[in-house]
Amino acid sequence: TITEKMLEEERSFLDKCPLDIPLSSLPLNDDETLREIERSRRKMRAEGLNTDEEERAMSRRVNEMAQEEIRKRRMYLHPAPLGIPLEYLNLDKDEKFKRMENELHAMRSDPATRLCAIQDQENAAKQYVLRLAADYKQKERAYLDPAPNGIPLRRLPLDTDPKFREFELTRRQLINSPERNAEQIAHLERFANDYVHSLALQQLGWQDIEFHDLNKHLSEEWPRISELYPEGKYVPLEPLRPSAYEVASAPGDKSYLAPFIAALGRCPDLLKQLCDTTTHPGSGPYSFIFFDPNSNPVRVDIDDRVPVDARYEPKYTRVPQRSWYPLLLEKAYAKFVGGYAKLEQCTPHETLRDLTGRPVLHIPFDERLADAANIGDFRSVVFWRGIIKNLSAGDVITCITNDDVPDGLHPLCSYALLSVIETVPESSDPADIVVKLHNCYYDEPRYEGPLSSGDARWTDNLKRVCRYSSDEEALFLPLPVFLRNFSSMQRCHINCGDRLTAPGEWSGVSCGGNPKFTSFRNNPIFLVENKSSRAATILAELRHHSPTYTDLDGVNHYHQTGLALLKAINSKMPVSPLITCVTHRFLQKGMMLDAREVCAQMEIPPNTTCYLVPYTLTRENCGKFHMSIYLGFAKVTLTPLRSGVLSPLPTAINMMLDTESGHGSKVEFVVSDACDVHMLFFQKRPKVVDSSKSDLLGDFRVRMSVYDGNGIMIMSTGEAINAREVSVVFHVPQEGLYSVVMRTFKTERRSGSSKCPSKLMIYTTKRAKVRLLGVVPAGSKKSKVKQLPHPPSLNCVTPSLVSPSGQQNSADSFHLPSLSPIVLSPNRNGGSIG
């Protein structure tokens with residue numbers, strides 16, 4: 001008809017097959033929205049107006065109608081097959097599906113087509129769409145581990161898990177702009193992978209495969225703990241009422257950790273903080289918290305398989321009350337240190353620190369070592385009254401037996417210290433002190449000394465005072481018996497307050513060695529200032545960053561390390577790194593330990609700044625460490641001593657000291673400004689022939705005195721001393737001429753030689769300059785020197801090393817004297833110290 005031809009002409013600009021749907025199959029004449037746009041376009045054409053916008057609107061509407069037609073034709077399809085929305089499958093671009101869809105539309109349009117044929121075609125299209133959805137899902141999940149924890153992805157309920165579905169939907173939205181959302185997509189994929197692994201564990205039951213493979217050879221069987229102690233499933237994992245008597249050792253001293261669990265049993269909160277998992281996690285891991293050397297918490301996850309022997313008894317730690325946490329705690333700690341076999345290589349002080357994150361003080365029962373450790377008289381009643389207070393404050397203490405134990409204890413084993421009992425109040429007799437220990441060793445040998453089970457010395461009154469019970473696996477040892485069987489204690493300071501920490505390193509020149517060498521002062525130095533009017537007791541702790549080496553048995557070895565505490569002899573002396581025997585004295589020399597951490601108890605005098613010096617046995621030991629002090633209630637500060645305020649190079653002069661005239665040698669120098677002067681004189685030739693053992697002494701006894709320009713003494717080292725190095729530190733109030741005189745007394749010559757090659761070095765602050773005028777006889781008149789110009793002309797005077805010939809050389813590194821230390825090395829199996 002004419003009308004149809006007119007409409008066909010007006011619609012000639014439209015796509016004949018929008019979205020592959022023939023235009024003729026769309027009800028264009030029945031769509032009121034399209035007809036309204038068409039009438040508006042017709043009117044504008046009649047008026048000669050531009051109709052581009054109306055034509056675009058008609059094309060958009062036709063596309064919408066085509067989409068609606070497609071939706072109606074696909075009503076038989078699931079809107080999201082396998083959870084994938086149809087729009088993600090790009091069915092409009094799939095040629096095979098388009099052919100199937102066109103055939104289905106033709107069958108529906110033909111009245112002669114049977115219904116069953118239409119259904120067969122629909123089913124074929126559905127199956128094809130399902131295959132497309134499966135392919136899409138496989139490609140979409142290609143970033144996932146195909147077999148998390150050994151379980152194929154198809155066995156996991158990913159399609160029904162709401163949390164994973166949320167991950168997947170979010171990723172689909174982000175993937176539309178992959179470049180812009182690359183970081184978010186990567187983060188989401190990592191998170192989804194972790195979650196998929198957790199779903200796999202829920203089906204499998206979490207297993208620590210790597211740790212199990214490394215340790216499975218150590219035990220005959222590894223049952224789950226629920227099979228070993230099934231009743232434990234009905235009680236909380238967290239110890240509700242922990243006790244020292246919950247653990248014991250398997251025969252043969254096989255349990256390393258049992259004494260430490262017993263020691264922590266005195267402090268329930270310490271045991272509870274180790275158990276990160278408080279209830280049974282089902283198929284998840286059991287988690288425990290330990291501490292690294294810097295007291296940072298470290299979480300350790302384990303499965304619930306435990307080692308047993310051929311009799312189906314726990315192989316290492318036994319649990320008479322059948323609690324779960326001791327066996328799981330032992331396994332977690334074994335994983336923390338590197339395996340069950342590594343437990344034999346642990347040391348008691350390292351283990352206590354791993355379990356608590358608090359410093360551990362080594363207390364040797366040897367008078368010489370105890371004096372060096374500044375712990376007091378361990379044989380006295382006063383000392384053990386202090387231990388009673390320490391236990392009351394919550395400290396944890398273990399003890400180590402000697403290699404030779406005369407009273408039937410297990411040699412080289414740890415025991416938990418439960419209490420110290422004064423059987424006679426106010427008595428000063430050490431025999432009236434009784435030490436109560438937990439006994440976790442049920443097999444031979446058995447304690448047969450005084451106050452053993454059945455001993456006639458147990459009176460009713462003594463049992464009452466000691467709270468003796470035959471049901472407890474405890475040992476009661478009189479103090480003299482205890483001291484002849486044990487070599488040391490390890491006291492873990494639980495309530496030692498906050499700590500101050502500074503990093504340090506022995507490297508190059510700073511490897512100063514022990515106090516037998518003049519280079520001792522080159523070690524890193526830390527200033528500890530007590531600002532209060534009372535003496536302050538602190539704990540100083542050095543923590544090595546890493547072992548020096550690991551031997552073939554896997555045992556870590558560390559530098560023999562000690563901590564020395566010194567103070568200036570003259571309290572008004574400026575702080576100086578030039579530590580010598582005439583300027584500083586030792587308050588504490590400390591013990592030397594081959595240990596991961598070295599801890600010392602120190603007392604800082606009131607209103608005093610002390611020098612804390614960590615040192616190693618030899619001068620070649622390099623390594624990094626952290627230095628900490630635990631304050632308790634003290635008002636103390638910790639500051640690394642840096643020499644940055646001093647001139648980087650000293651003004652120095654090589655000289656031959658006059659030992660014949662009795663007047664000595666005088667060096668005159670000019671200082672440009674008021675400042676602190678640090679002056680070091682040393683004899684180049686040590687007295688001993690083997691300087692590898694010590695180089696503290698020189699050939700001559702020397703006294704050093706400093707005079708101002710008027711010949712008035714302003715500083716002296718005092719009596720002549722045969723130390724190889726002597727130093728003075730003083731303040732010059734103004735610029736001008738000064739001199740220093742080195743004089744020898746009662747010389748001790750080597751092979752009749754009267755020569756003393758020496759060196760004098762002068763350090764000042766950076767703003768002040770020093771000019772040497774040379775060496776003159778001590779009895780000569782002072783030199784006449786023009787007044788130094790004021791800044792900025794001071795830059796013309798630079799620190800230098802001046803030899804008698806006037807030749808300039810680079811300054812040598814400086815060294816320092818002190819006394820010899822006591823060397824202490826812990827036995828690796830926790831035995832005696834020697």
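Modeller: Rolling a probe the size of a water molecule over the atoms shows where empty space is left. On a 1 Å grid over the protein atoms alone, a cavity is a set of points where a 1.4 Å probe fits but cannot get out, and lining residues have an atom within 4 Å of a point. Grid points are joined across faces, edges and corners, and a volume is the space filled by probe spheres set on the points. This is a predicted model, in which local features need pLDDT of at least 70, side-chain atom pairs count only at pLDDT 80 or more, and totals for chains, interfaces and linings use all residues. Residues are numbered from 1 along each chain as its sequence is written, and side-chain values use heavy atoms, with hydrogens and water left out.

Biologist: How many cavities of 30 Å³ or more does the structure hold, and how much space lies in the largest cavity?

Modeller: There are five cavities of 30 Å³ or more, and the largest holds about 70 Å³. Its lining includes Leu361, His362, Met591 and Val598.

Biologist: Which element gives the most to the lining of the largest cavity?

Modeller: Strands (E, at least two residues) are DSSP runs, numbered from the N terminus. Strand β19 gives the most, with four residues.

Biologist: Where does β19 stand in its sheet?

Modeller: Two strands pair if DSSP finds at least two bridges between them. The open sheet has four antiparallel strands in the order β11-β21-β13-β19. β11 (499-506) and β19 (597-604) are at the edges with a single partner strand each, so one side of each lacks a neighbour in the sheet. β11 pairs with β21 (residues 623-630) over eight bridges, and leucine 500 has isoleucine 629 of β21 as its bridge partner.

Notes: On a 1 Å grid over the protein atoms alone, a cavity is a set of points where a 1.4 Å probe fits but cannot get out, and a pocket is an open set with protein on both sides within 12 Å along at least five of seven lines; lining residues have an atom within 4 Å of a point.
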